[in-house]
Protein chains: 2
Amino acid sequence: MELALSEAAAAAARGEVPVGAVITDALGRVLTRAGNQVLGDRDPTAHAEMLAIRAAARLLQSERLMECDLYVTLEPCAMCAQAISFARIRRVYFAASDVKGGGVEHGARIFQQPTCHHRPEVYGGIGESAAAGLLRDFFAARR
Amino acid sequence: MELALSEAAAAAARGEVPVGAVITDALGRVLTRAGNQVLGDRDPTAHAEMLAIRAAARLLQSERLMECDLYVTLEPCAMCAQAISFARIRRVYFAASDVKGGGVEHGARIFQQPTCHHRPEVYGGIGESAAAGLLRDFFAARR
């Protein structure tokens with residue numbers, strides 16, 4: 001999660017909403033890491049999780065990341081949660097909850113839908129205060 | 001929708017689940033078109049809608065596609081529906097319903113979530129029989 005937090009901090013420094021993600025393999029080795037790049041890439045889908053998943057799939061030459069785990073500094077939105085399910089990610093560790101934009105414990109609650117074919121194990125609140133602090137500072141500076 | 005159907009047919013010919021999408025601008029001009037490329041790209045996020053949205057954002061150099069409309073041959077899943085919302089797509093026209101995997105009229109019903117910030121106008125059932133036929137033939141050939 002520390003690596004994900006450093007990706008989030010790097011995103012903030014680029015003027016992006018500070019969210020970072022890391023994907024590890026079955027042995028816990030880091031496969032890919034990414035920060036939010038929506039503005040820089042001019043891509044509404046360029047959330048940290050999406051970039052990390054796409055890069056890991058490219059790396060492993062497989063659209064399924066069966067034994068991989070995802071660490072992300074903010075509760076994934078519905079788009080990312082559905083992508084996590086499609087990618088067959090094994091475990092999701094997230095830091096800060098996202099009452100307004102989250103799609104795991106809030107809103108669409110993607111993994112709780114009866115039509116969700118793959119549900120990862122989910123662990124929230126890991127490194128929450130650091131991640132929430134980054135987000136708070138970022139938005140405070142913009143108000 | 002005819003263009004989207006031809007993208008879906010091309011996807012089927014590549015061995016991909018036959019779904020195609022087209023994005024038009026405020027004047028109805030085609031900006032981008034794409035077919036499902038999950039297997040070919042080894043990318044679990046490479047649904048037709050996602051590829052069309054990303055290409056349109058790149059083309060317009062904006063992560064918001066305010067006046068753009070999306071035509072897609074199958075009801076978008078939750079991932080694509082959330083991406084459509086993020087991209088501020090104006091109208092979504094889809095052909096076949098997707099009881100198992102849809103995220104607009106089924107499952108997560110993304111646009112009906114109280115936390116959904118942008119809801120496009122949605123028109124379903126346009127060209128439904130052709131799109132459903134493509135999907136039926138594709139899956140029948142694989143059983």
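Biologist: Where in chain A is the place of C77(A)?

Modeller: The model is predicted, so local features are given only at pLDDT of at least 70 and side-chain atom pairs only at pLDDT 80 or more, whereas totals for chains, interfaces and linings use all residues. Residues are numbered from 1 along each chain as its sequence is written, chains are lettered from A and ligands numbered from 1 in the order in which they are written, and side-chain values use heavy atoms, with hydrogens and water left out.

C77(A) is placed in the loop between β3 (69–74) and α3 (78–86) of chain A; helices (H or I, at least four residues) and strands (E, at least two) are DSSP runs, numbered from the N terminus. An unreviewed UniProt entry lists H47(A), C77(A) and C80(A) under "binding site". These three span 34 residues in sequence, yet no two of their C-alpha atoms are more than 9.2 Å apart, so they gather at one spot. UniProt positions follow the numbering used here, feature names are shortened, and annotations may be inferred rather than shown by experiment.

C77(A) is buried, at a relative accessible area of 7%; buried means under 20% relative accessible area, exposed over 50%, and partly exposed in between, with a 1.4 Å probe and protein chains only. Leaving aside residues up to four places away in sequence, C77(A) touches H47(A), E49(A), G101(A), G102(A) and G103(A), and from chain B Q82(B) and F86(B). Contact means heavy atoms within 4.5 Å. C80(A), in helix α3 of chain A, is buried with a relative accessible area of 0%.

Two copies of a chain are related by a rotation about an axis and a shift along it. Here a rotation of 180° with 0.0 Å of shift along its axis superposes chain B on chain A, at an RMSD of 0.0 Å, which is the relation of a two-fold axis. The superposition is by least squares on the C-alpha atoms of residues with pLDDT of at least 70 in both copies. M79(B) comes closest to this axis among the residues of chain B, its C-alpha lying at 1.9 Å. Since 100% of the interface residues of chain B are also interface residues in chain A, the copies meet through the same surface.

In chain B, helix α3 (48–60) is mostly covered, with 10 of its 13 residues buried; among them are A48(B), E49(B), M50(B) and L51(B). The cover includes α2 (48–60) and α3 of chain A, together with β1 (20–24), β2 (30–35), β3 and α4 (78–86) of chain B. Just after α3(B), Q61(B) takes a positive phi of about 50°, although Q61(B) is not a glycine. Q61(B) is partly exposed, at 49% relative accessible area, and belongs to the loop between α3 and β3 (69–74) of chain B. In chain A, R88(A) is likewise not a glycine and has a positive phi of about 60°; R88(A) lies in the loop between α3 and β4 of that chain. Most residues other than glycine have a negative phi.

Rings of Phe, Tyr and Trp (its six-membered ring) pair if their centres lie within 6.5 Å, and planes under 30 degrees apart count as stacked, over 60 as edge-to-face and the rest as tilted. By this rule there are six aromatic pairs over all chains. The rings of Y71(A) and Y93(A) are stacked, because their centres are 4.6 Å apart and their planes stand at 10°. Y71(A) lies in β3 and Y93(A) in β4 (residues 91–96) of chain A, so the pair ties together parts 22 residues apart in sequence. Y93(A) also stacks with Y123(A), at 5.2 Å centre to centre and 20° between the planes. As Y123(A) lies in β5 (residues 121–123) of chain A, this second pair joins β4 to a part 30 residues away in sequence. Ring pairs thus link Y71(A), Y93(A) and Y123(A) into a cluster, in which Y93(A) is buried at 16%, while Y71(A) at 21% and Y123(A) at 34% are partly exposed.
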